[in-house]
Amino acid sequence: MALLDEETEVRKRLAKALLAEIFVPIKVKGPCGEVTAWGIIDTGATANMLMPDVLERTCMWDEEEGMIYVASGDSFKTRKGRVKMQVGEGDCPELDTEVFEGPFNLIGMDYMDPADMVIEAKSGKVACRVKK
């Protein structure tokens, strides 16, 4: 096996391991219903995003036009509103949080900070500290 092929295989295994640690189940509730889906934890993102399918099945409160700014510096007009969201399978709370419509379900600091979320990198677990 050539060195490049070995490096490609290592990258594939690494990507698979990392995705297992940042993919988490989410529950989303809105005025139209509730849905369970998969979301991506992104500690570099401020905002939360939900896919159109999730928003169609749950709807949003206080929906309006919003603007998303991405790392490349580009900006996009999209829908914005509020939903109730719970992340992970453990003790993270259901929070009323702002979300934007986007190409994937992304959990940003707007959820993680108020939830006091802790990510255990080795085990790939997401938990929230219980505030007293």
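Which strands each supply at least two residues of the lining of the largest pocket? They are β3 (48-50), β4 (61-69) and β6, with helices (H or I, at least four residues) and strands (E, at least two) taken as DSSP runs numbered from the N terminus.

1. **Ground rules.** This is a predicted model, in which local features need pLDDT of at least 70 and side-chain atom pairs count only at pLDDT 80 or more, while totals for chains, interfaces and linings use all residues. Residues are numbered from 1 along each chain as its sequence is written, and side-chain values use heavy atoms, with hydrogens and water left out.

2. **Overall layout.** The protein has three helices and nine strands. Read from the N terminus, the order is α-β-β-β-α-β-β-β-β-α-β-β. Of its 132 residues, 34% count as buried; here buried means under 20% relative accessible area, exposed over 50%, and partly exposed in between (1.4 Å probe, protein chains only). Among contacts (heavy atoms within 4.5 Å) between residues at least 6 apart in sequence, 51% join residues at least 24 apart.

3. The largest pocket holds about 340 Å³ of space. For the method: on a 1 Å grid over the protein atoms alone, a pocket is an open set of points where a 1.4 Å probe fits, with protein on both sides within 12 Å along at least five of seven lines, and lining residues have an atom within 4 Å of a point. Grid points are joined across faces, edges and corners, and the volume is the space filled by probe spheres set on the points. There are 18 lining residues, and A45, M49, I68, Y69 and V70 are the closest to the centre of the pocket. β4 gives the largest share of the lining, three residues. By type, the lining divides into 13 nonpolar, four polar and one charged, where Ala, Val, Leu, Ile, Met, Phe, Trp, Tyr, Cys and Pro count as nonpolar, Asp, Glu, Lys and Arg as charged, and the others, Gly among them, as polar.

4. **The main core.** The largest nonpolar core has 23 residues, of which I26, L50, V87, Y111 and M117 touch the most other members. Such a core is a set of buried Ala, Val, Leu, Ile, Met, Phe, Trp, Tyr and Cys residues joined through side-chain atoms within 4.5 Å. At least two core residues come from each of β1 (23-30), β2 (33-41), α2 (52-58), β5 (75-87), β6 (95-101), α3 (109-115) and β9 (125-128). Apart from this core lies another, of five residues, including A45, M49, I68 and F100. In soluble globular proteins, nonpolar side chains tend to be buried together.

5. **I26 and W38.** Beyond its neighbours within four places in sequence, I26 is in contact with residues that include V35, W38, L50, M85, V87 and I107. W38, in strand β2, is twelve residues from I26 along the chain, with 5.7 Å between their C-alpha atoms. W38 counts as exposed because its relative accessibility is 52%.

6. **G102.** This glycine sits in the loop between β6 and β7 (106-107) and is buried because its relative accessible area is 9%. G102 lies 52 residues from L50 in sequence, yet their C-alpha atoms are 5.6 Å apart. Setting aside neighbours within four places, G102 is in contact with M49, L50, M51 and P52.

7. **Strand pairing.** Two strands pair if DSSP finds at least two bridges between them. Strand β8 (residues 117-120) runs antiparallel to β9, joined by four bridges, and E120 has K125 of β9 as its bridge partner.

8. **Faces of β9.** Which residues form the covered face of β9 and which the uncovered one? V126 and C128 are on the covered face, and K125 and A127 on the uncovered one. In a regular strand the side chains alternate between the two faces of the sheet.

9. **Backbone points to look at.** D62, in strand β4, has a positive phi of about 55 degrees although it is not a glycine. D62 counts as exposed because its relative accessibility is 60%. D116, in the loop between α3 and β8, also has a positive phi of about 55 degrees without being a glycine.
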